[in-house]
Each structure stands twice: as C-alpha cells, then as structure tokens.
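I opened this notebook to keep track of what I looked up, beginning with the ligand site and going on to the contact between the chains.

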Amino acid sequence: MIEARHLSKTFADRKRGTIHAVQDVSFQVEPGQIYGLLGANGAGKTTTLRLLATLLRPSSGTAVIGGHDVGTAPEAVRRQVGFLAASTALYGRLTAREMIAYFGRLHGLAEPEIAQRTTRLAAELEMDDFLDRRCDSLSTGMKQKTSIARTLIHDPAVMIFDEPTLGLDVMAARAVLRFVRDCRARGKTVIYSTHVMSEVEKVCDRVGIIHGGRLLAEGTLAELAARTGQRDMEEIFVQLVTAEVAA
Amino acid sequence: MNGRNVFAVFAKELKDALRDRRTLFSTLIIPTFVIPLLSFGTLGLGSKMVAKARDQKPVVMIVGGDDAPQVAASLAKLGRFEIVPPRAGHEQLIADKVVGAVLLLPADFAAALRLGEVPRATILHYEGELRSGFAADELERFVREFREQQIAATLEAKGLPLRTVRPFELARRNVAPPEKVGGNLLGGFVPYLIIVLCFTGAMYPAIDVTAGEKERGTMETLLCSPAARVEIVLGKFLLVLTGSLTSMALSLGSMGATAMVTGALMHGGAEATVAGAGAGGGSGYVPMIAPLGLLGVLALVLPVAVLFSALEFTIALFARSTKEAQSYLGPLMLVVLMPAIVGMLPGIDLNTTLAFVPLLNLSLACKEMLSGVWHWPYLAIIFFSTCLYAAGALALAVRMFNREDVIFRT
Ligand SMILES: Nc1ncnc2c1ncn2[C@@H]1O[C@H](COP(=O)(O)OP(=O)(O)O)[C@@H](O)[C@H]1O
Ligand SMILES: [Mg+2]
C-alpha cells in the first residue's frame with residue numbers, strides 16, 4: 001500500500017526561481033485499488049510519482065510504501081515498486097528479452113527464475129514474435145509491452161504509472177488500460193496519473209485532482225460528483241480548478 | 001554494496017558497448033590501426049626525409065674569390081657537392097631552395113691572403129631549412145679543412161711543425177648506453193601517447209553511459225531498479241575504465257608489434273650490408289628502452305586510467321546531451337596534454353614537489369624508468385598520490401550521480 005504524508009518538492013530553477021512542484025500532498029492507496037492522479041500539464045503528477053518511486057527525494061513530508069519509508073529505505077521501496085512512465089525508455093541495443101533479464105538481475109532474481117518469468121510474461125503480453133528483436137527496432141506498442149514486462153519481472157506489489165498511454169494509438173492504449181485493471185485484479189496497489197478525463201472514469205477507483213502542485217480534492221468518482229454537483233469528470237475537474245484559481 | 005549488481009551493470013554496459021559501432025570504432029579500431037599507422041607513418045616519413053636530405057649531394061655556390069680558383073677546384077675535387085655556377089640574387093636562390101648554401105668570398109681573396117690581411121669568408125644558409133642546414137654544415141667543414149691546409153702550408157714554409165698551432169687533438173664520444181638514449185627519446189613520447197590513449201579510450205564510453213543514457217531516456221528506467229546509486233556508478237565506471245585500458249593496450253601492443261617487425265627487418269638488412277661490405281664498424285646504435293621500465297610505466301598508468309575514467313564519467317554525467325559532453329571533454333584533452341608536453345621538455349627532472357603533480361609526474365617518471373633509472377621514493381609518491389586523486393575523482397562521480405539536478409538536468 002501507498003501512503004503519502006504531506007509530500008512537498010521544490011526545485012531551484014535558474015530561470016524561473018523556486019518552483020513548488022508538489023505542495024503538501026497526502027493520500028492513501030490500498031491494495032487492489034487504482035488511484036487516479038488527474039491534472040493538467042505541469043500540475044505536479046510526474047514529480048509526485050517520482051517521489052514515490054524514490055527517483056527524487058522529498059523537500060519535506062514523506063511517503064511509506066509497503067511499510068518502507070522513501071527517505072530512509074529507498075532501495076527497499078524500489079524493490080516493491082514497478083514504475084512505468086513515458087520517460088522510462090528501453091535500451092535500444094538490447095533485445096526485449098535482454099532488457100527484461102537485466103532488470104530481473106538488478107532485482108536479484110536467479111537466472112532460471114528470470115527465464116521462467118520472461119516466458120510467462122511474454123505469453124501473457126503476446127510478445128513471442130519480437131522477444132529477441134532489438135528494442136530500437138520495435139513499434140511503439142511492442143515497446144510498451146516490453147516496458148510493462150520490465151516493470152513486472154519482479155512481481156511488484158505496487159505499480160506506479162505515469163501517463164502510460166501518452167503517444168499510443170487507440171488499440172495500444174486500450175491494451176495498457178486492460179493491463180492496469182489486471183494489476184488491480186491481482187491485488188496490486190496501483191497509482192495512475194493522466195490528464196485524460198475519460199481514462200479516469202474507465203479505470204480509477206479513487207481520484208485525486210492535482211493542480212499547481214496541490215491536491216485540490218480526492219474521493220471516489222461518486223463522492224466528487226456529489227461534492228461538485230456535476231456528473232461528468234471533465235465538469236468536475238473544471239469546477240474544482242476554477243474554484244481554486246478564484247480563491 | 002552488492003557486487004552482483006555492480007557486475008550486472010558492468011556486463012550490460014559491456015554488451016551494449018560492443019553493439020555500438022561508434023564505441024567499437026573509437027576504442028578498438030582507431031587505437032589498433034589508425035594510431036600506430038599515424039605515428040609510424042609520421043616517424044617513418046620524417047626519418048625518410050632526413051635520410052633523403054642527407055643522401056643528396058648538397059647544392060652549393062661560390063660567389064667572389066675571383067683570384068682564388070683553387071678554392072672552387074678543391075671543392076669540386078671532393079666530389080661531395082653539387083656546385084652551381086655563380087649567379088646574381090644568391091640570397092633569393094637559397095630562399096627558393098635552388099641552392100642549399102652559398103660561400104661568399106671577397107673578390108681579392110687570394111691577394112688578401114698573400115698580403116697577410118685577414119679576409120672574411122661567409123656562408124649563407126636558411127635557418128630551419130633541413131637541406132640548407134646540411135649544405136652549410138658540409139660547406140663549413142670544407143672551409144675549415146681549407147684553412148687548415150693554409151695553416152699547414154704557412155708553417156711548413158717557416159719550418160715549424162703543425163704542433164705549434166695544434167698542440168693536442170680533440171674528440172667527442174657518446175657514453176650513454178643505448179637504452180639511456182632510447183629512454184630519453186621515447187621516454188618523452190611514450191607517456192604522451194599513453195595519456196592520449198587513456199583519455200580518448202575512456203571518452204566515448206563515458207559519454208555513452210551517462211549523457212547518452214540521459215538523452216535516450218533510459219537513465220530514469222535504470223534508476224527505478226533497486227540497485228543502489230553507488231553500484232550503478234561502479235558498474236558504469238568499470239566499463240569506462242575497460243575502454244580506457246583496452247584502447248591503450250591495443251594501441252601499444254599494435255605499435256610494439258609493428259616496431260618489432262620493422263626493427264627485425266631493418267636490423268637484418270643492416271647486417272647483410274655490413275657482411276656484404278666485408279667490413280665491421282659502428283653502424284650507429286639502435287635506441288632501446290629498458291623492458292622492466294615498460295612494466296613500471298604500466299603500473300603507474302593504472303591509477304591514471306582510473307583518474308581519467310572517473311573524471312570523464314563525472315563531466316559527461318553533468319552534460320545534458322552527448323553533444324554537450326563532447327564539447328566539455330574535447331577541450332579537456334588539451335588541458336590534460338599540457339603536463340605531458342611539459343614533461344617532454346629537456347631539463348625538467350623529477351623532484352619531490354613535481355612528484356605530486358598529476359600527469360607531469362607520470363611523464364617525468366616514464367622518462368627515468370625507460371632509461372633504467374628507478375627513484376623508488378618518487379615512484380611511491382607518484383603511485384599513491386595518483387591513487388588518491390583517482391579515488392577522489394571516483395567519489396566525486398558517486399556524489400554527482402546522487403544529485404537530482406544533475407541526473408534530471410533538462
Ligand atoms: N527537474 C526539475 N527542475 C525544475 N523544475 C522541474 C523539474 N521537474 C519538474 N519541474 C517543474 O515542476 C512542475 C511540475 O512538473 P511535473 O511534475 O512534471 O508536472 P506534470 O507531470 O503534471 O506535467 C512544472 O512546473 C515543471 O516545470
Ligand atoms: Mg508528467
């Protein structure tokens with residue numbers, strides 16, 4: 001499970017000065033649940049997820065993932081997390097199989113186990129045709145499947161997705177969403193960021209709306225609808241954000 | 001720290017590097033083939049040109065001395081010169097390389113000698129021009145001999161022995177053993193070459209595993225793995241070090257092999273000539289280097305390679321793109337070369353202070369070791385101080401890798 005406690009992150013930018021990318025964000029995600037982080041570009045989604053994945057250290061606040069604190073036990077956190085983002089590319093000169101095996105090794109898996117899990121994942125994701133092709137020769141959809149297999153090789157309890165459908169065509173995007181729901185079905189704790197309203201409606205159990213680094217509101221879709229008096233996700237979002245800007 | 005992770009990172013980077021044509025080219029092909037070819041080509045061409053200039057008869061001209069045709073006659077008798085009839089504008093002729101040197105005599109040279117005056121003979125040459133230099137040297141030797149003959153004749157006329165003006169003979173002999181000569185000649189060149197090769201061998205791998213990885217968006221993927229940052233740095237650093245040492249070893253090996261083959265050919269040829277002539281005699285010495293010295297050089301180079309690898313890794317890591325990394329490391333190479341070049345200058349010798357100056361200490365120590373001189377205290381200072389610098393550079397690399405603003409610099 002994921003527990004963010006007053007997470008904040010500031011960047012010192014030479015041109016823009018101090019940037020409060022994430023400010024006092026707290027939320028909880030339970031196993032078997034998909035938590036949607038909805039926000040426009042620059043809202044702070046990627047920074048929040050990087051804090052959870054220990055790629056960045058929080059300026060203040062902390063997060064506890066599967067019982068480990070991101071600040072004090074980052075390696076233990078990463079051992080339980082699968083992180084998939086548009087910015088996590090594949091090694092072009094490795095084959096899909098080698099790519100998956102490399103991350104299996106870094107997770108401390110033994111070679112026979114890596115081979116066995118790769119075979120199973122390849123079957124599940126229908127990767128057998130291109131498993132031994134170099135990653136730089138794969139199509140976007142194939143790359144995405146390889147990335148998914150890479151995040152799953154150690155069977156993580158927590159999955160973090162940062163706009164995983166960005167730049168994918170309709171079919172590939174649907175496959176990714178199906179896979180995200182599969183993770184929930186297997187009891188994983190899932191956090192999913194997006195700026196696409198319809199995706200939230202399709203997959204998320206709970207939604208947090210993030211804007212300017214702050215979590216404006218969170219709850220189930222029904223709760224948010226009740227709070228704003230709107231039915232459509234887009235209307236809910238616009239109302240919350242304009243209320244914040246006015247305040 | 002987990003050694004398995006370090007090895008996993010290293011093994012993956014090695015596989016990756018071996019599949020990259022640019023890395024292969026810069027760390028394997030260039031040092032093995034291009035650098036020896038260039039060095040030997042330049043050296044060979046240089047020595048060939050010198051030999052050619054020496055073999056050719058110097059072209060000279062005598063201007064003036066109208067009443068002393070015996071000067072030109074004895075010059076011609078030697079048969080060592082090609083004599084050009086006097087022409088106007090001789091300075092221009094030298095500049096145009098039509099003649100190598102000109103002997104300028106007063107018009108009444110013989111008359112002045114007879115009258116007991118001291119006329120002046122001048123040799124004109126073009127400083128820095130190889131063939132002109134040879135011609136002037138030869139011409140001067142001839143004029144000195146001619147003067148000696150004059151002295152001898154005068155003394156004889158007065159019934160005095162030659163001893164009066166030449167009470168003793170003077171000779172000059174080289175006592176440096178061949179490896180000493182080689183050490184001083186090659187001692188300057190070898191460390192220079194080693195420094196260049198260590199540096200360039202590390203350069204492409206260093207850029208590829210840092211800025212290259214950022215550019216291709218795989219850095220973030222790697223950082224999601226549970227491997228500790230220090231394990232990732234060490235794995236990558238080992239690859240860079242491998243590149244540095246491999247390219248140096250390949251290049252030196254390839255040059256050594258070429259030198260041995262050509263040396264054997266040349267040596268065999270020289271012996272055949274001597275045997276054919278049926279006469280012994282000094283055919284000059286072949287410059288040699290002390291073989292143990294070469295081992296010593298390699299021992300000192302190891303920490304230097306570590307230092308370079310860590311330094312280049314750190315700098316390339318800081319860059320946003322491979323282009324930016326290249327623009328940092330290219331000029332750095334010139335900075336790194338300076339101490340090596342200073343070490344080649346004659347007259348600078350190892351002392352306690354200089355033993356602490358990185359790179360300069362290496363080139364000075366190389367000069368000594370290759371000529372068979374072992375100053376153990378200096379060598380110890382050099383080895384351990386360079387190890388210390390290398391460790392510092394590696395620590396810096398780890399620190400850089402832990403900095404978010406470096407890893408996520410966009
Ligand atoms: N490494 C960084 N250095 C400086 N500013 C950054 C950095 N990463 C993100 N930011 C800034 O923080 C804010 C939030 O960015 P981000 O988390 O990427 O938003 P999102 O993923 O929702 O689009 C933006 O203003 C962005 O420019
Ligand atoms: Mg983002």
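I sorted the residues of the shell around ligand 1 and found 6 nonpolar, 5 polar and 3 charged, where Ala, Val, Leu, Ile, Met, Phe, Trp, Tyr, Cys and Pro count as nonpolar, Asp, Glu, Lys and Arg as charged, and the others, Gly among them, as polar. I am reading a predicted model, in which local features need pLDDT of at least 70 and side-chain atom pairs count only at pLDDT 80 or more, while totals for chains, interfaces and linings use all residues. Residues are numbered from 1 along each chain as its sequence is written, chains are lettered from A and ligands numbered from 1 in the order in which they are written, and side-chain values use heavy atoms, with hydrogens and water left out.

Ligand site. I listed 14 residues around ligand 1, of which A:R16, A:G42, A:K45, A:T46 and A:T47 come nearest; a residue is counted if one of its heavy atoms lies within 4 Å. I noted that the site is shared between chains, because residues from chains A and B surround ligand 1.

I then asked which elements of chain A supply at least two residues each of this shell, and found β1 (2–13), β2 (17–29) and α1 (45–52), with helices (H or I, at least four residues) and strands (E, at least two) taken as DSSP runs numbered from the N terminus. The largest share, 3 residues, comes from α1(A).

For the oxygen atoms of ligand 1, I recorded one at 2.9 Å from an N or O atom in the side chain of A:R16 and one at 2.6 Å from a polar backbone atom of A:G42. A backbone N or O atom of A:G44 lies 3.0 Å from an oxygen atom of the ligand. Ligand 1 taken alone exposes 560 Å², and the protein buries 76% of that, by the Shrake-Rupley method with a 1.4 Å probe.

Chain contact. I counted 28 residues from chain B and 30 residues from chain A in the contact, which means heavy atoms within 4.5 Å. The two chains bury about 2,800 Å² between them, 49% of it on carbon and sulfur atoms; this is the accessible area (1.4 Å probe) that two parts lose on being put together, summed over both. B:R19, B:P226 and B:E404 supply 23% of the area that chain B buries against chain A, more than any other three residues.

Salt bridges. I looked up how many salt bridges cross the interface of chain B and chain A, and the rule finds 8, each a side-chain nitrogen of Lys or Arg within 4 Å of a carboxyl oxygen of Asp or Glu. The side chains of B:D20 and A:R93 meet in one of them at 3.5 Å, N to O. B:D16 also forms a salt bridge with A:R93, the closest N and O atoms being 2.7 Å apart. This pair runs from helix α1 of chain B to the loop between β6 (81–85) and α3 (96–106) of chain A.

Methods:
A polar contact is a pair of N or O atoms within 3.5 Å; within protein, one must be able to donate a hydrogen and the other to accept it, and residues adjacent in sequence count only if both atoms are side-chain atoms.
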